[in-house]
Amino acid sequence: MSSDRVINFGAGPSALPEDVLLEAGSGLLNFQNTGIGIAEISHRSKEFSAYLASVESEIRQQLDVPPTHHILFLQGGGTAQFSAVVLNMLARHKLLHPDIPDADRTLDYVITGSWSKAAAAEAVRLANGATVNIAVDARTLSADGKSFDRIPPHNTYKFSADPALIYYCENETVSGTQFSSDAQSPTSFPFDLLPTNKLLPLVADYSSSFMSRPIPRLADHAIIYAGAQKNLGPAGLTIAIVRQDCIVDVDAAAKLGATPVPIGLAYKPFVDQKSMPNTPSVFAIYVTGLVLQRNKKLGGLKYYEEVNGRKQQKVYTVVQEGAEKGILRPFVQPGSGSWMNIVFEVIGEGAEKRFLEGAEARGLKGLKGHRSVGGIRVSLYNAITEEQTDKLVEYIREFIAQEKPALPSTR
């Protein structure tokens, strides 16, 4: 690593591999020996069209995306997808069930953190008479009734009989909760509660964990989307994996009474025009392709699942050591913690300030928690190496050793 570069534990835009950044810098001047930089080249050129196809192919192969699903390169981030999934899935439902009164259409939302809460609020805005059903709200299970500090157990979910969509956020970046990828875990997503005899209208926000480990039951999802700026590339690119039956004629649905869908939010034009009904995020797609090529050389998702598993275990272990000495306090209940975003508090007057100043002095940046939660947030995205994680763990242990306990030990 260059001596003047720090270690970026920020939640996003997040760290990117240095070798990718160096190659991207070269591509800014001359993309694939075209004599034109990637930020200048026409998105309609044969060179970029071929590159875009290769990026799609890498995602399909590395994630094992079935041919039933399209891979789309979009803009607008997760916030645009809050709206897009509602409008496209309500249009689909209208085409499938034109005679059902709008009040009898339901949209199921699983709320486990700030982003799924925001997605549900957008659904209320756009429901057009349909009912937004909160299948579960994790806050109701916390001690204060306000905190997103756990993944709900399976027996707390109440899904509708035939919803137009079922929405969840797999990893909550702000509060640091994540569904387990182990189907036997009580904190896994409750696939067992969903129907098995029909195509599920299952929608998942994977923004903070995309390409960090395999996606459980990917083929059963209607839509999976993710912002690239966590594990794959710069901000500005959103990747969506959309099942064929969810690529619908939204204008035909509008004639039946569905809400008209803006062309920039409808999935069909992006499928029909290979993600280019307008100019895509060319540079972000380029860097994403470089990251995917690097991932493949390292061993793909199997490699990252193993490395990310070790990284998060090291950090949770040292946080627990701090908790036992009354120095640190985990924000999330055991078993519900994110692999990507680990959130904890530093206890005591001025202790958080001392922690952050000490980290900054060691070149450990981006550790301040989200303003709505506070505390410390360690983001361990793919580009953060195990060696960089070890440096953070070493610092946390040093900090614990020199601090006086603010609270009695939790032993």
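## Fold and nonpolar cores of the predicted protein chain

Leaving aside its neighbours within four places in sequence, Leu63 is in contact with Phe210, Met211, Ile215, Leu218, Ile241 and Leu301. The model that shows these contacts is a predicted one.

Leu63 belongs to the largest nonpolar core, a set of 51 residues. Ile59, Phe73, Tyr168, Phe189 and Phe210 stand with Leu63 as the residues that have the most contacts inside this core. Helix α7, residues 282-298, supplies the largest share of the core, namely eight residues. Another core, of 40 residues, lies apart from it; Leu72, Leu74, Ala84 and Leu126 are among its members. In soluble globular proteins, nonpolar side chains tend to be buried together.

The secondary structure of the protein chain consists of 10 helices and 14 strands. With a radius of gyration of 22 Å, close to the 22 Å given by the globule rule for 411 residues, the protein chain is therefore as compact as a globular protein of that length. Among contacts between residues at least 6 apart in sequence, 70% join residues at least 24 apart.

Overall values for the protein chain are as follows.

| Property | Value |
|---|---|
| Box filled by the C-alpha atoms, along the principal axes | roughly 70 × 60 × 30 Å |
| Residues that count as buried | 54% of 411 residues |
| Accessible surface | about 17,700 Å² |
| Share of accessible surface from carbon and sulfur atoms | 53% |

How values were computed
Residues are numbered from 1 along each chain as its sequence is written. This is a predicted model: local features need pLDDT of at least 70, side-chain atom pairs count only at pLDDT 80 or more; totals for chains, interfaces and linings use all residues. Side-chain values use heavy atoms; hydrogens and water are left out. Helices (H or I, at least four residues) and strands (E, at least two) are DSSP runs, numbered from the N terminus. The radius of gyration is taken over C-alpha atoms; the globule rule is 2.2 Å times the number of residues to the power 0.38. Buried means under 20% relative accessible area, exposed over 50%, partly exposed in between (1.4 Å probe, protein chains only). Contact means heavy atoms within 4.5 Å. Accessible areas come from the Shrake-Rupley method with a 1.4 Å probe; for residues, only the protein chains shown count as cover. A nonpolar core is a set of buried Ala, Val, Leu, Ile, Met, Phe, Trp, Tyr and Cys residues joined through side-chain atoms within 4.5 Å.
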